[in-house]
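Before you set up any calculations on this model, here are some points that I would ask you to read alongside the coordinates.

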Amino acid sequence: ESLVHSGADDLERAAEAALRPRSLDEFVGQRVVRDQLSLVLQAARRRGRAPDHVLLSGPPGLGKTTLAMIIAAELGTSLRVTSGPAIQHAGDLAAVLSSLEEGEVLFLDEIHRLARPAEELLYVAMEDFRVDVVVGKGAGASAIPLALPPFTVVGATTRAGLLPAPLRDRFGFTGHLDFYETHELERVLLRSAGLLGAPLDAAAAAEIASRSRGTPRIANRLLRRVRDWAEVRGDGTLSLAAAQSALEVYEVDELGLDRLDRAVLTALCTRFGGGPVGLTTLAVAVGEEPETVETVAEPFLVREGLIGRTPRGRVALPGAWEHLGLTPAAGPGT
Ligand code: ADP
C-alpha cells in the first residue's frame with residue numbers, strides 16, 4: 001500500500017488521534033474558516049443554543065474530522081460519529097438521530113455518500129428536528145413523528161458539488177478547507193514532533209513539509225516514517241539528511257508524489273499519449289477505483305498544474321511530462 005494514500009487502519013487512527021489539535025487555537029492554518037467558526041460557536045454559546053449545522057468540505061486529511069471534534073469540545077458537548085457509507089438504510093439514521101441528546105454534535109463523514117432515503121430523512125431532522133418513524137408494513141404502515149432535541153450536524157465531504165442543493169441548503173455555515181501552505185505544515189510538524197518527543201530540526205521540518213502535498217495527515221505520516229528511519233538507521237535525530245533518506249526509501253518524491261500519483265501521471269502520458277482520457281479508463285489503467293483517483297490523487301495533481309480536467313477527459317500538462325522526465329507526445333492533449 002502506498003504511504004501517502006494508504007487508508008487508515010486502527011494503528012494509524014490511534015497515531016492520528018494522538019496528534020489531533022483539541023481546540024481552535026491549536027488548529028494550525030485555515031484562518032478564514034477558523035475565524036468564522038469561532039464566531040458561530042461563540043454566538044451559540046452566548047445564546048445557550050445549539051449552533052447551526054456546519055458543512056466542511058475539502059480533500060482528505062485537511063482537518064474536517066478534527067474540526068468536528070473541536071466544535072463539540074468548544075461547545076462542551078459530546079460528538080457522535082457516523083458516515084454516509086456506514087448508514088445502509090434510512091432506519092439506521094433514524095436510530096442514530098433518535099438517540100441524540102440535547103445539544104450533541106453528530107458528525108456525518110462522507111455525507112455525499114448517504115443513500116437517498118436517508119438523505120431525505122436527514123433534511124427533515126435538520127430542519128424540523130423530527131424523524132418520522134415508520135411502523136408496520138405495506139398498506140398498514142404508518143409514520144409516527146418523533147420530536148428530536150436540538151442538535152448540530154457537522155457534515156464532511158470531499159466533494160461539496162455532489163451534495164444535492166436541498167441538503168446543502170440546510171447547513172447554516174459552510175467552510176471550505178484548502179491545502180495548507182508549506183510554512184503552516186512546518187508548524188504542524190514541529191507541534192507533532194514535540195508531542196512525539198522526536199528531535200526534529202528546522203531544515204528537516206521544511207523538507208518534510210514541502211513533500212506533504214499541502215496535507216497535515218500526510219505530514220504527520222511522513223514524520224513518523226522519518227522518525228523510524230532516524231531510530232533504525234540514523235542516530236535518532238530527525239535531521240535533513242535523515243528526512244531525505246527516509247523519503248527516498250518510501251518513494252515519496254520532491255513534489256510529494258507517491259506511487260499512485262506517479263502511476264496516474266505515467267499512464268496518462270505514456271499509455272494515453274497525454275490524453276484526453278476518461279476518469280474511469282485512467283483509474284482502470286492504474287488499478288484503482290475512479291473515486292480514489294478523483295478524490296485522493298487528482299486534486300493535488302490539478303493544483304500542482306500537472307494534469308488538467310477538460311470536458312473530454314484528463315490531460316497531461318507540460319509539468320507532468322517534465323516531472324517524469326519525458327518528452328511531450330506530439331498530437332492531441334499536448
Ligand atoms: P479529514 O477529516 O479532513 O480527513 P482529519 O481531521 O482526520 O482530516 O486530520 C488528519 C490528521 O491531520 C489529524 O490527525 C490531525 O492531527 C492532523 N491535522 C489536520 N488539520 C490540522 C491542523 N490544522 N493543525 C494540526 N494538525 C492537523
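1. Gln30 sits in the loop between helix H1 and helix H2 (31–47), where helices (H or I, at least four residues) and strands (E, at least two) are DSSP runs numbered from the N terminus. The phi of Gln30 is near 50°, a positive value in a residue other than glycine. Gln30 counts as buried because 22 other C-beta atoms lie within 10 Å; a residue is called buried if 20 or more other C-beta atoms lie within 10 Å of its own, exposed if 12 or fewer, and partly exposed in between, with C-beta atoms placed from the backbone.

2. On provenance, this is a predicted model, in which local features need pLDDT of at least 70 and side-chain atom pairs count only at pLDDT 80 or more, while totals for chains, interfaces and linings use all residues. Residues are numbered from 1 along each chain as its sequence is written.

3. Two further backbone details deserve a check against the coordinates. Phe129, found in the loop between helix H5 (116–128) and S4, has a phi near 50°, a positive value in a residue other than glycine, and is partly exposed, with 16 other C-beta atoms within 10 Å. A cis peptide bond, with omega about 5°, joins Gly275 and Pro276, and Pro276 lies in the loop between H11 and helix H12 (279–286). As background, most residues other than glycine have a negative phi, and most peptide bonds are trans.

4. Which residues come nearest to the ligand? Of the 20 residues around the ligand, they are Glu16, Gly63, Lys64, Thr65 and Thr66, where a residue is near if its C-beta atom, placed from the backbone, lies within 6 Å of the molecule. The elements that give two or more residues to this shell are H1, helix H3 (64–75) and H9. By class, the shell has nine nonpolar, seven polar and four charged residues, with Ala, Val, Leu, Ile, Met, Phe, Trp, Tyr, Cys and Pro counted as nonpolar, Asp, Glu, Lys and Arg as charged, and the others, Gly among them, as polar.

5. Helix H7 (residues 182–196) has 15 residues and reaches 21 Å from its first C-alpha to its last, close to the 21 Å expected at 1.5 Å a residue, the expected span being 1.5 Å times one less than the number of residues. The buried residues of H7 are Leu185, Glu186, Val188, Leu189, Ser192 and Ala193. They lie on the same side of H7 because they cover an arc of only 160° around the axis, the arc being that of the directions from the helix axis to the C-beta atoms. On the other side of H7, His183, Gly194 and Leu195 are exposed. The cover over the buried residues of H7 includes helix H1 (10–19), helix H8 (202–210) and helix H9 (216–232), contact meaning C-beta atoms, placed from the backbone, within 7 Å. Just after H7, Gly197 takes a positive phi of about 65°.

6. The buried residues of H10 are Ala242, Ala243, Ala246 and Leu247. They cover an arc of only 125° around the axis, which puts them on the same side of H10. What covers these residues of H10 includes H8 and H9, and just after H10, Glu251 takes a positive phi of about 60°.

7. Strand S4 (residues 130–135) and S5 run antiparallel and are joined by six bridges; strands pair if DSSP finds at least two bridges between them. Val135 stands opposite Ser142 in S5, and in the hairpin of S4 and S5, which has six residues between the strands, Gly136 takes a positive phi near 80°. Of the six residues of strand S5 (residues 142–147), the number buried is zero, so S5 lies largely in the open.

8. Arg309 stands opposite Arg314 in S9. Gly305, in the loop between helix H13 (290–303) and S8, counts as exposed, with 11 C-beta neighbours inside 10 Å. Leaving out residues up to four places away in sequence, Gly305 touches Leu317 and Gly319.

Note on methods. Contact = placed C-beta atoms within 7 Å.
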